[in-house]
Amino acid sequence: MTDAIRIEPIREDHVEGFRDALDIVARERKYLIFLEAPTIEAMLAFVRGNIAGGHPHMVAVADGKVVGWCDIRRGSRDAEAHCGTLGMGIIPGYRDRGLGRRLITAVLDAARAAGLHRVELNAHADNFRAIALYERVGFEHEGIARHAVRIDGHYIDSVKMALLFE
Ligand SMILES: CC(C)(COP(=O)(O)OP(=O)(O)OC[C@H]1O[C@@H](n2cnc3c(N)ncnc32)[C@H](O)[C@@H]1OP(=O)(O)O)[C@@H](O)C(=O)NCCC(=O)NCCS
């Protein structure tokens, strides 16, 4: 079913759609530390930086619409340049049918090819679906940052996970 959904390296003409998708997921107020998308200018700068810097960043496109994204931002300091931080999301209606697995696999392949050694991420501790996906593709649990997130007055623990390319 997801065969019709293409996974593509992000381009500048995806930015508006990427922002729309991020905004939808952010406004659910359940999964991300964004509660709304940054400005289009900020998103454009982020995407341009990813393209110019070779940071892996893919989007899932269905009928010309961005329905998901996954990016890994490489550490900017010399001693952390082998590390990257992963973020991802899929809009409602496209979840639970293997798209997350396709997206993250494509981005991790690109990260490995780019020479990254470690990929890390944070997930809200109640985001069982995301945590299950990350475990499936090889991430290990490294710890819990207690009450690291607060949304609508509720504290949420943040699970820290990482994967090493050996
Ligand atoms: C998290 C997210 C990226 C996962 O993508 P998805 O397309 O819905 O998930 P998939 O269909 O690829 O499933 C991934 C795997 O997790 C498993 N899984 C899904 N939900 C699960 C659950 N509640 N418990 C255990 N396993 C689960 C699936 O069975 C699948 O494993 P498999 O490939 O071995 O069968 C997507 O649901 C999403 O964007 N959610 C909202 C935003 C979000 O949470 N972003 C991540 C923030 S850290």
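**The ligand and its surroundings**

The ligand takes up the space of the largest pocket. A pocket here is an open set of points on a 1 Å grid over the protein atoms alone, with protein on both sides within 12 Å along at least five of seven lines; a molecule sits in it if more than half of its atoms lie within 2 Å of its grid points. The model is predicted, so local features need pLDDT of at least 70 and side-chain atom pairs pLDDT 80 or more, while totals for chains, interfaces and linings use all residues. Residues are numbered from 1 along each chain as its sequence is written, and side-chain values use heavy atoms, without hydrogens and water.

Around the ligand are 21 residues, each with a heavy atom within 4 Å of it. Ile90, Gly98, Gly100, Asn127 and Arg136 are the closest. By class, ten of the shell residues are nonpolar, five polar and six charged.

Elsewhere, Arg95 and Glu28 form a salt bridge, with their closest N and O atoms 2.5 Å apart (a side-chain nitrogen of Lys or Arg within 4 Å of a carboxyl oxygen of Asp or Glu). Arg95 is in the loop between S4 and H3 and Glu28 in the loop between helix H1 (15-27) and helix H2 (40-53), so the pair ties together parts 67 residues apart in sequence.

Note on methods:
1 Å grid on protein atoms, 1.4 Å probe; cavity = no way out; pocket = protein on both sides within 12 Å on 5 of 7 lines; lining within 4 Å. Nonpolar A, V, L, I, M, F, W, Y, C, P; charged D, E, K, R; others polar. Helix = DSSP H or I, 4+ residues; strand = E, 2+ residues; numbered from the N terminus.
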